[in-house]
Amino acid sequence: MTLNKQHRWPRLDEPSIRVMQADKLRRYLRDVVLPYSPHYRELFRAQGLTADDFKSLGDLRKIPFTSKTDLLPTSEKPQRFREFVIAPDPRELARRPKTITRALLHGRAQVQKELNDEFRPKLILFTTGRAAEPLPFCLTQHDIDNLAEAGRRVMEVCGAQLDFRLINAFPFAPHLAFWLTHYAGTEFGALMTSTGGGKVMGTEGNLRLMRKMMPDAVIGVPTFIYHLLHQAADEGLRCENLKKIVLGGEKVSDGLRFKLRELAAELGAPKVDVLATYGFTEAKMAFAECPYPHDQQSSGYHLYPDLAIVEIVDPKTGEPLPPGSPGEIVLTPLEARGTVVLRYRTGDCIDGGLTYEPCPHCGRSVPRLVGKISRVSEIREMNLDKLKGTLVDFNQLEHVLDDAPHVGAWQLELRKFHDDPHEVDEIILHVQKSDGTDDEELAHGLRDRMFNHTEIHPNRIEFHDSGEMRQLQGVGVVLKEQKIVDHRPKANSVATNGNGGNGNTNGSNGHHKLVTSP
Ligand SMILES: [Zn+2]
């Protein structure tokens, strides 16, 4: 990444941003997307559009939207996502005047390396939270460089210092949050270690590391970070160095911010900034809040106008909306290779819209997304919800348990650890056996079965006789047996602000509706 890019991005103003973005968009369409994207080449041809049709930023609306459903496999095209991968013909690249000139100046080997870095996919991340089936997104070295730069900017906006020690507690997974944070650390140059969250080292392992490392910042999923700090406070751990808590992947309510600051104070760090990020795999980047006085509101997510164009559109009509209007977030990358989607509809609505006003807290003049983020389409309609940060299809889960051998009746109970609404989810599977199978053996088999189909592990499996089971299921009391019950207390914070996060948020609102009686 050039020094120029690192230092200029926060200082651009609205008129120069609009000129720069229109110019970059035209060149990006002409040099990268239209020649090498099978999907957009065809789409532009069908619409009678060429790169020259994009003279000002207002012309962006000529491009039809792309949404997740456009990438989902169909029976005729089981590998549809491949049509969105930038895939130049090597012979065509070799004939480009630019390639020939560079080969003369720097030699063929160097040019070949540059082309590989730019176009050859070398990392696959998966989308989260949108549909039951995650979609692969390819990144080339060029994309990884930009991912690292976006991560570095998150660190910069959050106010990280070079001498910081950081803990990345995002789960090890092929998702944006973990890798962006990893590359953010290497690009920024501060000392970072990644724990993989609770799954790999357990809460105890994370706490041991906090004790040893005395981190200046911890980064992770809100529920896990809350759980971690809660345990730390219970154990009397001191962490006076802690200055930043950076969150992604789930909504961050004002109530949670307050509680996290309280917990940090108990650890001996009373001045901690709790900052949210918003990002998603399809963008290959995330945006952050800057630190703000604790009696004021967050100024929103700071965008990178040189890397992507963010529009706000009416979720019903698709009409682009002026600054300050609430609407759906739509993103068009300007630098992406690998998998590329243009005018990508996120399905996320922001209630304060987009603003070009300089940030009241940090003074950066980049556009910002202001306010609360929520889903346009209610995800629960599809019977999907997030459990332990993993998206679970309850219809599928029901079939999996109904079809399990040796199981007569079952009930899945969702709780929160310590019955605390900000804590991690707990899953208890209640089972009545249909035969004399050994408890241990059956429990083991059920754990494997659940994990293989839904990627979640129950915290406990409890066995009951038929009387207890009837009582649990409310048989004879309610009309239909209750197979999945949600006993998670609801967070009582009224206001939520600046929420959102990596990997698309689906926060804790309305979980109680989930009590399904099949
Ligand atoms: Zn700011």
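**Charges over rings**

I looked up where the charged end of Arg-345 lies, and found that it sits over the ring of Phe-65, 4.7 Å from the ring centre. I also noted that Lys-433 lies over the face of Phe-463, at 5.7 Å from the ring centre. For this term I used the rule that NZ of Lys or CZ of Arg must be within 6 Å of the ring centre and within 35 degrees of the ring normal.

**What I am working with**

I keep in mind that this is a predicted model, in which local features need pLDDT of at least 70 and side-chain atom pairs count only at pLDDT 80 or more, while totals for chains, interfaces and linings use all residues. Residues are numbered from 1 along each chain as its sequence is written, and side-chain values use heavy atoms, with hydrogens and water left out.

**Strand β7**

I went through strand β7, residues 273-280, and found that 8 of its 8 residues are buried, where buried means under 20% relative accessible area, exposed means over 50%, and partly exposed lies in between, with a 1.4 Å probe and protein chains only. Strands here are DSSP runs of E with at least two residues, and helices are runs of H or I with at least four, numbered from the N terminus. In a regular strand the side chains alternate between the two faces of the sheet. In β7 both faces are covered, with Asp-273, Leu-275, Thr-277 and Gly-279 on one side and Val-274, Ala-276, Tyr-278 and Phe-280 on the other.

I then asked which strands pair with β7, taking two strands as paired if DSSP finds at least two bridges between them. Strand β6 (residues 244-247) pairs with β7 in the parallel sense over 4 bridges, and the bridge partner of Lys-244 is Asp-273. Strand β8 (residues 285-288) pairs with β7 in the antiparallel sense over 4 bridges, with Thr-277 opposite Ala-288. β7 and β8 form a hairpin with 4 residues between them, and Lys-284 in the turn has a positive phi of about 60°.

**The zinc site**

I listed the residues that coordinate the zinc ion: Cys-290 (SG), His-302 (NE2), Cys-359 (SG) and Cys-362 (SG), at 2.1 to 2.3 Å. Donors are N, O and S atoms within 2.8 Å of the metal (3.2 Å for Na, K and Ca), and since water is not among the atoms, sites may look incomplete. The angles among the 4 donor atoms are 105 to 119°, and the site is tetrahedral, a term that asks of four donors that all angles lie between 85 and 135 degrees. In sequence the donor residues are spaced C-x11-H-x56-C-x2-C. His-302 and Cys-359 are both buried.

**Aromatic pairs**

My search of the whole structure gave 9 aromatic pairs, counting rings of Phe, Tyr and Trp (its six-membered ring) whose centres lie within 6.5 Å, with planes under 30 degrees apart called stacked, over 60 edge-to-face and the rest tilted. One of them, Phe-178 with Trp-179, is edge-to-face, at 5.1 Å centre to centre and 85° between the planes. Phe-178 is buried at 6% relative accessible area, whereas Trp-179 is partly exposed at 25%. The rings of Tyr-278 and Tyr-301 have centres 6.0 Å apart and planes at 50°, so I recorded this pair as tilted. Tyr-278 lies in strand β7 and Tyr-301 in strand β9, so the pair ties together parts that are 23 residues apart in sequence.

Notes. Four donors count as tetrahedral if all angles lie between 85 and 135 degrees; four count as square planar and six as octahedral if opposite donors are over 155 degrees apart and all others between 65 and 115; anything else is irregular.
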